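Subject: Structure for your review

Dear colleague,

Please find the sequence and the structure below. After them I set out what was found, together with the cut-offs behind each term.

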Amino acid sequence: MNQYQLSRRSNIGERVKVSFEFFPPKNDDMEARLWDTIKRLEPLNPQFVSVTYGAGGTTRERTARTVRRILEESTLTPAAHMTCVDASRDEVDQVISEFAAMGVKRFVALRGDPKEGVGAAYQPHPGGYANGAELVGALKGQGDFDISVSAYPEKHPESPDFATDFDMLKRKVDNGATRAITQFFFDNDLYERYVERARKAGIYIPIVPGILPIHSFTQVANFASRCGAHVPAWLAERFDGLDKDPQTHALIASAVAVEQVHDLVERGVGDFHFYTMNRADLVFAVCHMIGIRSPVTPSSAAA
Ligand code: FAD
């Protein structure tokens with residue numbers, strides 16, 4: 001089946017589930033934009049929406065405030081990201097119990113990046129949890145939470161080899177992780193190969209692809225080089241010369257994301273996690289194309 005046949009199938013949305021990731025806003029303007037985004041995406045009925053935890057735990061309050069507002073002012077199910085960076089076990093345990101008291105039942109458990117930024121050597125807090133697996137264990141110690149963890153189809157940049165990464169992922173599963181969400185990637189073959197290798201390593205939880213719609217190719221390329229994600233030449237070629245042409249850039253970005261998701265659906269993938277960057281349009285368009293529709297979309301309202 002080719003992509004054109006796939007796009008005409010009406011029932012894809014019935015077997016595809018999505019989740020959306022947001023970051024906590026820094027000021028009132030960003031908060032207003034995030035809430036416009038949340039309200040636009042809410043009718044798509046995602047499985048959950050996650051809120052990131054800033055490097056070094058710097059957004060602890062803002063993450064909690066955003067999660068609380070989602071609980072109070074939307075029908076969405078929030079998942080709170082948590083990291084181990086620069087925090088003792090007691091401090092992390094305290095954050096977990098604060099979220100639990102709020103009514104949070106889902107978490108995304110991460111080791112986190114060093115305070116100095118991606119690429120610096122990671123030093124665990126002397127009295128803290130050393131990695132994502134230990135944090136999963138701490139969460140499970142406090143409740144029967146749904147816990148997502150990270151996975152890296154192109155290997156974690158600090159990791160010497162894939163075997164070390166799979167050992168860590170297996171430890172997270174053994175400690176109670178429900179699913180893994182991948183770092184973003186643009187080459188679906190890498191994802192498929194990674195999932196095959198994970199299964200061979202005895203890891204059977206869902207490994208949900210993290211999809212990053214490209215709002216700015218320049219920014220994505222910079223970020224990708226820091227976190228070890230490969231940007232294929234064909235992708236750079238598609239965005240070549242579009243820095244000052246936001247309209248064409250957005251059209252190409254939408255086509256690229258739709259193509260990637262369609263291809264993954266064709267390979268049998270049923271769950272997708274979107275890195276929204278707190279913007280709705282590209283994610284909304286991709287969801288629409290794969291049959292995930294709000295009951296009243298602008299087009300159906302006009303019909
Ligand atoms: P872990 O899974 O603990 O470790 C990652 C890899 O590092 C391991 O697989 C292993 O190969 C190696 N490693 C770790 N410890 C050891 C050790 N002791 N010995 C040998 N090798 C080791 N960052 C944030 O700050 N906030 C967020 O909200 C956030 N959300 C994210 C969401 C997703 C879906 C993903 C994929 C990443 C996210 N990150 C976030 C980034 C993440 O914190 C970084 O990639 C970080 O460098 C690793 O965290 P981790 O949980 O993947 O680490």
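In helix H11, the buried residues are His 249, Ala 253, Ser 254, Val 256, Ala 257, Val 258, Gln 260, Val 261, His 262, Leu 264 and Val 265, where buried means under 20% relative accessible area, exposed over 50% and partly exposed in between, with a 1.4 Å probe and protein chains only. Helices (H or I, at least four residues) and strands (E, at least two) are DSSP runs that are numbered from the N terminus.

This is a predicted model, in which local features need pLDDT of at least 70 and side-chain atom pairs count only at pLDDT 80 or more, whereas totals for chains, interfaces and linings use all residues. Residues are numbered from 1 along each chain as its sequence is written, and side-chain values use heavy atoms, with hydrogens and water left out.

H11 covers residues 246–266, and its 21 residues should span 30 Å at 1.5 Å a residue, which agrees with end C-alpha atoms that are 30 Å apart; the expected span is 1.5 Å times one less than the number of residues. Just after H11, Gly 268 takes a positive phi of about 100 degrees.

Turning to the ligand, there are 21 residues around it, of which Tyr 53, Asp 113, Ser 150, Tyr 152 and Lys 172 come nearest; a residue is counted here if one of its heavy atoms lies within 4 Å of the molecule. By type, the shell divides into six nonpolar, 11 polar and four charged residues, with Ala, Val, Leu, Ile, Met, Phe, Trp, Tyr, Cys and Pro taken as nonpolar, Asp, Glu, Lys and Arg as charged, and the others, Gly among them, as polar.

Oxygen atoms of the ligand have a polar side-chain atom of Ser 150 at 2.5 Å, a backbone N or O atom of Arg 111 at 2.6 Å and a polar side-chain atom of Ser 159 at 2.8 Å. The protein covers 82% of the 970 Å² of accessible area that the ligand has on its own, as computed by the Shrake-Rupley method with a 1.4 Å probe. Helix H7 (162–175) and strand E6 (179–184) are the elements that give two or more residues to this shell, and H7 provides the largest share, four residues.

Finally, the structure holds zero disulfides, a disulfide being a pair of cysteine sulfur atoms within 2.5 Å. For Cys 84, the nearest cysteine sulfur is that of Cys 227, 19 Å away. Cys 84 counts as buried at 0% relative accessibility, and Cys 227 also counts as buried, at 7%.

Best regards

Definitions and conventions
Polar contact = N/O pair within 3.5 Å; in protein donor to acceptor, adjacent residues only side chain to side chain.
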